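Here are my notes on the charged and aromatic side-chain contacts, in numbered points. Have the model open while you read.

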Amino acid sequence: MAEAGTKKQKLVKAALQGVFGGIVGYASARFFLGQLELEKIGIDAMLLVSVGLIYAIIGIFIGAGLLAPKLVGARLLNVEDAEELIEQRRILTGSSICMVAIGGALIMLVISGPGGYLPPVAGFAAIVASVAVALIITLRDWKYYDELTLRVTLEASYLAFAVFCLVIWLWCSGAWVGWIAAPGPLAIMALISGLYLLAIFIVAGKRGMMTPR
């Protein structure tokens, strides 16, 4: 009975996480994309903004969970309890900062393009800064990653790179023979960023790390 009750609680928690995440994601997308005109920036830019929002929202969720482990973290994040968040505070803090920095930079890049809301240098500087932040945090925390985290990271990187190469190979081939339009810079960035995030979820799921806890 106790085991059945625990399983039910985990499923309810997972459902609430999904619903809350979906609501926040939908509201954020409606707000940001509603401020942009598709005819003005194009589908590629919309996709990159969407990917940037996903990165930023995930980072904000992690950060909120760390700020309030018992009130927010244990409910919103897939962890056993608040103590697990506290134990992994260093790594999760770095991950939160990286996700927000990358997500925000992708959005800033889009809105600083031709006819955008920001000057071009703002978007490029944001991308450079996000890369620097991610690199510094990764080098700082690499020694604190456990074997499972390192393996998931490397496997996800390989999977994302392999799929990206296949897609770009076929896409560019089709564009060269005149069947489809060539991929633009924003489409390539959206593909890289989105595939890596998807690969992380796939690899983590295969290892049971996405199972409700």
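1. Let me start with Arg207: at 36% relative accessibility, this residue counts as partly exposed (buried is under 20% relative accessible area, exposed is over 50%, and partly exposed is in between, with a 1.4 Å probe and protein chains only). Before going on, a word on the basis: this is a predicted model, where local features need pLDDT of at least 70 and side-chain atom pairs count only at pLDDT 80 or more, while totals for chains, interfaces and linings use all residues. Residues are numbered from 1 along each chain as its sequence is written, and side-chain values use heavy atoms, with hydrogens and water left out.

2. Which residue does Arg207 meet in a salt bridge? The partner is Glu155, at 2.7 Å from N to O (a salt bridge here is a side-chain nitrogen of Lys or Arg within 4 Å of a carboxyl oxygen of Asp or Glu). Helices are DSSP runs of H or I with at least four residues, numbered from the N terminus. Glu155 is partly exposed too, with 30% relative accessibility.

3. Over the whole structure, the search gives 3 salt bridges. Another one of them pairs Arg90 with Asp141, and their closest N and O atoms are 3.1 Å apart. This pair links distant parts of the chain, with Arg90 in helix 5 (residues 89-111) and Asp141 in helix 6 (residues 120-141), 51 residues apart.

4. Asp141 also has a salt bridge to Arg140, at 2.7 Å from N to O. Through shared partners, Arg90, Arg140 and Asp141 are joined into one network. Is Asp141 buried or exposed? Asp141 is at 0% relative accessibility, so it counts as buried. Its two partners are partly exposed: Arg90 has 38% relative accessibility and Arg140 has 39%.

5. On to the rings. How many aromatic pairs are there? The count comes to 1, where rings of Phe, Tyr and Trp (its six-membered ring) pair if their centres lie within 6.5 Å, and planes under 30 degrees apart are stacked, over 60 edge-to-face and the rest tilted. The pair is Trp142 with Tyr145: the ring centres are 5.6 Å apart and the planes are at 65°, so the arrangement is edge-to-face.

6. Trp142 is partly exposed, with 39% relative accessibility, whereas Tyr145 is buried, its relative accessible area being 17%.

Notes
Helix = DSSP H or I, 4+ residues; strand = E, 2+ residues; numbered from the N terminus.
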